[in-house]
Amino acid sequence: MIESIKRFVGGENKTRQNKEELLAAIKRAPLPKHVAIITDGNGRWAKKRGLPRTAGHAAGMKRVRETIRAADELGIQVLTFYSFSTENWKRPKDEVDYLMKLPIEFLKTDLQELIDRNVKVQMLGEKSQTPSQTQMALTEFEEKTKHNTGLILNFAINYGSRDEIVRAVRQIIDEVKKGNIDKDEVNEEVISRHLLTRGLPDPDLVIRTSGELRISNFLLWQLAYSELWFTDTLWPDFTPELFYQAIEDFQHRSRRYGAV
Ligand code: IPE
Ligand code: IPE
Ligand code: MG
């Protein structure tokens with residue numbers, strides 16, 4: 001791998017390995033407000049072990065739980081997981097069925113802890129296109145946590161950024177037609193307000209596991225100035241230490257937003 005890419009894979013700052021040292025270091029600097037994670041590599045993790053891909057998704061769910069705890073304990077404001085894309089419907093039916101059952105499982109095992117942690121759970125993506133049991137679980141998460149005031153936890157499920165933008169454009173056209181807004185008043189703020197992330201800060205830090213160096217139709221508008229952090233680690237091997245490492249690397253980046 002060429003040196004310039006390698007620098008971004010696996011974290012740039014490998015000097016601090018110790019979890020406590022890392023934690024102490026990141027608590028001294030401003031935290032990212034919004035961390036978004038592309039949790040990739042479940043299938044390859046399973047394949048390496050001679051297991052079905054679904055075993056990778058089950059193992060990945062444990063890492064989701066651990067990462068939520070780590071983010072909550074740090075005091076991160078918004079955490080977003082890319083859990084199922086609009087393109088993931090192309091996968092074999094048994095894998096899709098399994099992935100659609102995971103939120104039902106997660107509801108049973110984790111809802112109470114999320115309530116206790118004052119976490120507010122929200123979904124990004126068209127729930128109505130998921131199986132009815134899945135929809136019910138997703139709605140229950142949102143309903144039972146909607147008054148919570150702690151960590152905002154988004155799950156992007158049946159999410160595609162281009163689809164999100166198309167829907168936003170249609171809504172804005174409707175509003176212009178109705179005369180609620182003038183065409184010349186359509187600006188970046190208006191577009192942001194029509195996206196599924198309305199009201200949320202744009203991600204400061206995006207983490208992608210599994211060594212793939214791409215965005216895969218995730219939050220295209222919102223990522224305009226996000227810091228990207230890639231690791232070769234497969235999602236079921238992702239640890240809180242790596243999460244802290246990503247944050248520490250983020251804290252050493254210089255965000256210029258086009259200025260000098
Ligand atoms: C991420 O892992 C989970 C989902 C996309 C649902 P993958 O299932 O994409 O795992 P790989 O990339 O095939 O290893
Ligand atoms: C991205 O992973 C989507 C999720 C993690 C849900 P994919 O595995 O679907 O992405 P590609 O196919 O490698 O781009
Ligand atoms: Mg993948």
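The entries below go residue by residue.

Entry one, the record. I kept in mind that this is a predicted model. I looked up UniProt and found that its unreviewed entry places the feature "binding site" at Asp40 and Glu227. I then checked the largest pocket, and its lining includes Asp40.

Entry two, Asp40. I located aspartate 40 in the loop between strand S1 (34-38) and helix H3 (42-48). Is aspartate 40 buried or exposed? Its relative accessibility is 17%, and because buried means under 20%, aspartate 40 counts as buried. Setting aside residues up to four places away in sequence, I listed what aspartate 40 touches, and found Arg208, Thr209, Ser210, Glu212, Leu234 and Trp235. With serine 210, I also noted a polar contact of 3.1 Å between the two side chains.

I found glutamate 227 in strand S6, which covers residues 227-230. Glutamate 227 has a relative accessible area of 15% and is therefore buried. Again leaving out residues up to four places away in sequence, I recorded its contacts, among them Asp204, Phe250, Arg253 and Arg255.

Entry four, Glu164. I turned to glutamate 164, which lies in helix H7 (residues 161-178). Beyond its neighbours within four places in sequence, glutamate 164 is in contact with residues including Tyr159, Leu195 and Thr197.

How values were computed
Residues numbered from 1 in each chain as written. Chains lettered and ligands numbered in written order. Predicted model: local features only at pLDDT ≥ 70, side-chain atom pairs only at ≥ 80, totals over all residues. Heavy atoms only, no water. UniProt positions renumbered as here; feature names shortened; annotations may be inferred. 1 Å grid on protein atoms, 1.4 Å probe; cavity = no way out; pocket = protein on both sides within 12 Å on 5 of 7 lines; lining within 4 Å. Buried < 20%, exposed > 50% of the residue type's maximum accessible area, 1.4 Å probe, protein only. Contact = heavy atoms within 4.5 Å. Polar contact = N/O pair within 3.5 Å; in protein donor to acceptor, adjacent residues only side chain to side chain.
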